Amino acid sequence: MKKFNIRKVLDGLTAVSSPSPSPQLGAKENELIPETLQSEHFQLCKTVRHGFPYQPSSMAFDPVQKILAIGTQNGALRLFGRPGVECYCQHESGAAVIQLQFLINEGALVSALSDDSIHLWNLRQKRPAVLHSLKFSKERITFCHLPFQSKWLYIGSERGNIHIVNVESFTLSGYTIMWNKAIELSSKAHPGPVVHISDNPMDEGKLIIGFESGIVVLWDLKSKRADYRYTYDEAIHSVAWHHEGKQFICSHSDGTLTIWNIKSPAKPAQTITPHGKQPKDGKKPEPCKPILKVEYKTTRAGDPFMIFSGGLSYDTVGRRPCLTVMHGKSTAVLEMDYSIVDFLTLCETPYPNDFQEPYAVVVLLEKDLVVIDLAQNGYPIFENPYPMMIHESPVTCCEYLADCPVDLIPALYSVGSRQKRQGYSKKEWPISGGNWGLGTQSYPEIIITGHADGSVKFWDASAIMLQVLYKLKTAKVFEKVRCKEEKPSTEIVDEDPFAIQLMSWCPESRMLCVAGVSAHVIIYRFSKQEITTEVLLEVRLQYELNDLESPEGGGDQTPGTSPSPQTTAPQTHTSTSSNSSDGIRDNIPCLKVRSSPLKQSSGYQVELVVQLVWVSGEPPQQISSLAINSCYGLVVFGNSNGLAVVDYLQKTVLLNLGIMELYSSNDPYQRQLRSPRKSRQPSGGLISTSEDRCKSPTSVGALPFCVFLSTVLLSVCPPRGSIPQDNRDNSFSRSRSSSVTSIDKEAREAVTSFHFCETYNRKADGGLTSSLWVGTSLGTVLAISLSMPPAGEQRLLQPVIVSPCGTLVRLKGSILRMAFLDSTGSLLPSAFEPWYEPNAPANGEERDKVRKRRPVSVSPSTSQELNENQYAVVCSEKQAKVISLPSQTCVFKHNITETSFVLRADVVQMNAGICLACFCANGHIMTLRNHSNMLI
């Protein structure tokens with residue numbers, strides 16, 4: 001695990017420890033807010049490791065305790081039992097684990113490493129630990145074997161010798177089987193490394209020793225000599241016994257399997273090339289790829305199972321790795337998504353001399369763990385309960401939430417358990433050992449991951465093991481592309497057009513908003529009932545400056561700053577997208593929203609789809625910031641052009657502004673407005689016609705909203721010159737080069753963060769105002785005032801008044817995070833609306849509940865009622881500031897880093913107080929707190 005350095009653990013929230021503090025307020029603030037955090041509160045410790053083991057190399061299974069162990073190439077050891085039982089261990093040397101052997105039903109494990117050391121692990125204690133170690137200095141370890149209920153561990157070496165270790169004392173015995181004595185005169189050359197050792201199921205005094213060159217020796221431990229020697233002209237990869245001990249099977253490098261009777265060493269009893277083409281003239285079949293491992297398992301009621309990996313014919317170019325199951329006359333070839341590292345057959349009995357009765361096969365792949373059910377027709381796989389495939393589709397964004405509402409995880413689990421999972425075995429997961437331990441956290445934790453395929457996964461992180469609660473597929477909203485020829489030319493990314501880029505989630509109301517790489521935003525509402533949406537509501541956005549022809553143009557009105565929702569007279573159009581006669585794309589979204597009815601299962605259901613569109617042949621800029629607030633019913637998003645505020649309750653756009661207009665006359669960069677790009681369609685608000693009205697797609701009895709060809713079309717487009725011609729890449733990237741000119745910086749300014757709050761926007765404010773604070777990539781924080789109508793029915797009838805208030809504060813670097821404290825230093829959460837069932841019957845109890853706004857302050861003091869000070873905490877890539885409100889005085893400023901930059905920051909509520917935590921690009925986690933500079 002990578003070690004993080006906690007550097008500069010400083011006061012940054014309320015006390016004056018800066019070299020240049022404000023002398024007027026410093027002492028007063030320090031008296032009002034006593035510091036409770038100490039250095040010991042910032043000690044990092046290892047907790048748990050989630051995900052698939054990196055670069056797995058070996059595997060073992062205890063058939064009695066039903067525990068699975070996986071070793072990796074960096075010396076890690078992962079133990080898995082029933083869902084929720086997991087343990088991580090690490091060998092100090094970091095050498096690759098080449099083989100694992102359980103002391104079956106004894107709570108111990110032997111590991112062999114690539115540095116020629118073997119270790120005995122005690123698994124009976126709470127934290128597994130190494131009891132004994134033994135290192136070979138003159139020979140390389142190639143294979144290990146520990147018979148069931150035996151104290152002797154057999155170690156095969158690269159030189160072809162076999163050493164015997166007493167497991168109890170973990171010391172070498174004096175017994176060594178030398179290679180030359182094992183083969184004697186059967187071969188004039190060295191037989192190669194030992195590739196297999198196993199004891200006869202019926203006689204533990206007889207050992208089968210397989211050498212790489214193709215020689216197999218049956219060794220008598222008591223007489224210290226070879227009983228039989230078996231020779232084949234192809235290299236051996238593995239050997240397996242029949243349970244009666246009279247036959248064994250070998251897998252070879254030419255794709256053949258040879259079955260030998262132990263008393264007939266002259267030639268194999270049977271030779272099989274499972275995937276080889278059989279010539280008609282009776283000649284040997286064509287050679288195939290090596291069979292790397294074979295297992296031979298018997299059943300009482302029928303034919304034995306022969307299971308092996310590899311052995312495909314060489315003409316199967318491009319075929320995926322396969323596991324073959326031969327049972328009687330049937331041969332099943334099971335394709336895998338990744339390379340096979342190892343496999344084990346799970347049997348009903350641990351005794352090797354009894355009918356094995358195999359019921360499952362555990363297949364360890366390079367990036368996955370697959371368990372196959374052998375008892376059902378078609379060999380279905382078991383549904384894996386472990387959180388191994390976190391990156392089943394690459395994770396593109398991630399959010400973590402602690403101390404969520406207590407009913408949230410059960411609600412997500414309830415709808416997630418109903419999601420249909422077809423094709424899986426109906427049996428219980430066979431790796432079922434271990435007992436659940438008590439978690440160290442007493443509060444619920446949720447991790448949300450957005451993926452490249454457009455899916456969103458909710459994980460329960462409260463316990464030691466992650467558990468998938470619910471999976472949402474956002475791509476269902478859009479039309480499917482069946483082949484590459486049908487792929488629309490409007491897509492701005494070559495691969496993964498549905499990839500999730502940003503997420504904003506309100507856990508109390510369960511409202512979810514996601515932004516994708518194709519410049520689209522989808523708003524979801526949580527419901528426990530299934531519905532069918534006849535028409536999806538779509539909002540398309542452009543940004544236009546139709547009122548400004550040039551900096552000298554007439555007219556004093558600044559477009560987009562109107563405090564009321566934009567509206568236009570009813571108009572009639574025949575298409576929502578257009579291509580000019582010269583083929584230039586204009587007013588076309590990157591993705592096509594599906595027009596057919598969409599069946600939405602219980603869980604997250606689409607409320608609104610917003611798309612940015614192409615303008616005069618230029619693609620929309622990707623969204624760089626996103627926020628949702630359920631109390632206000634608003635969603636806001638921004639990019640390098642500006643921002644848009646959408647009322648998802650009334651299905652209308654409230655504000656559409658370029659970054660220049662947010663500054664109004666207070667633009668510190670004195671940018672000149674350029675001539676606008678002429679629009680091919682009027683910049684409109686709601687296009688409203690009586691025949692185009694329909695009801696909300698997700699609720700019955702709601703007020704009608706306006707649709708335009710099954711969509712709501714609202715358009716605004718960027719002024720020409722706002723994006724340089726050489727900067728038309730579709731992703732906003734922060735430039736940190738000192739050589740970038742101020743003109744370039746101004747052109748690239750983007751909206752990078754939002755925060756909904758109830759605060760003071762102006763110095764003269766006498767009371768709190770519903771507000772939206774906006775942070776930009778040039779370190780500016782601006783305020784937008786929100787005038788909300790009364791709750792209830794009036795909220796759906798009266799407009800929300802939105803008005804920019806200008807610049808509040810400036811920092812170095814892009815703004816990452818904003819938060820608010822009351823006068824006692826308590827964190828002020830954003831207002832929210834409690835969750836309610838949106839699809840409840842019109843006369844149901846849910847509809848009768850009055851949805852009241854939750855108070856913003858959770859502090860026990862009455863400071864908000866007395867209109868006392870608030871404090872805004874603002875963090876950028878380089879700096880952190882604490883601003884006293886309403887005076888807008890900076891009471892603290894700290895330069896976080898000069899040589900690196902902050903990737904992510906948050907104001908964290910701890911048991912003992914509040915701190916600002918920053919994760920830097922150099923891998924350091926830095927926290928800001930009171931009084932002193934400490935290095936932990």
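Me: Where does the charged end of Lys 293 sit?
Reply: A charge sits over a ring if NZ of Lys or CZ of Arg is within 6 Å of the ring centre and within 35 degrees of the ring normal. In this predicted model, the charged end of Lys 293 is placed over the ring of Phe 343, 5.1 Å from its centre. Lys 224 likewise lies over the face of Tyr 175, at 5.1 Å from the ring centre.

Me: What should I know about the numbering and the cut-offs of the model?
Reply: Residues are numbered from 1 along each chain as its sequence is written, and side-chain values use heavy atoms, with hydrogens and water left out. The model is predicted, so local features need pLDDT of at least 70 and side-chain atom pairs count only at pLDDT 80 or more, while totals for chains, interfaces and linings use all residues.

Me: How many aromatic pairs does the count come to?
Reply: A pair of aromatic rings is described by the distance of the centres and the angle of the planes. Rings of Phe, Tyr and Trp (its six-membered ring) pair if their centres lie within 6.5 Å; planes under 30 degrees apart count as stacked, over 60 as edge-to-face and the rest as tilted. The count here is 17 aromatic pairs. One of them joins Tyr 230 and Trp 260: centres 5.6 Å apart, planes at 65°, so edge-to-face.

Me: Are Tyr 230 and Trp 260 buried or exposed?
Reply: Buried means under 20% relative accessible area, exposed over 50%, partly exposed in between (1.4 Å probe, protein chains only). Tyr 230 is buried at 0%, and Trp 260 is buried at 2%.
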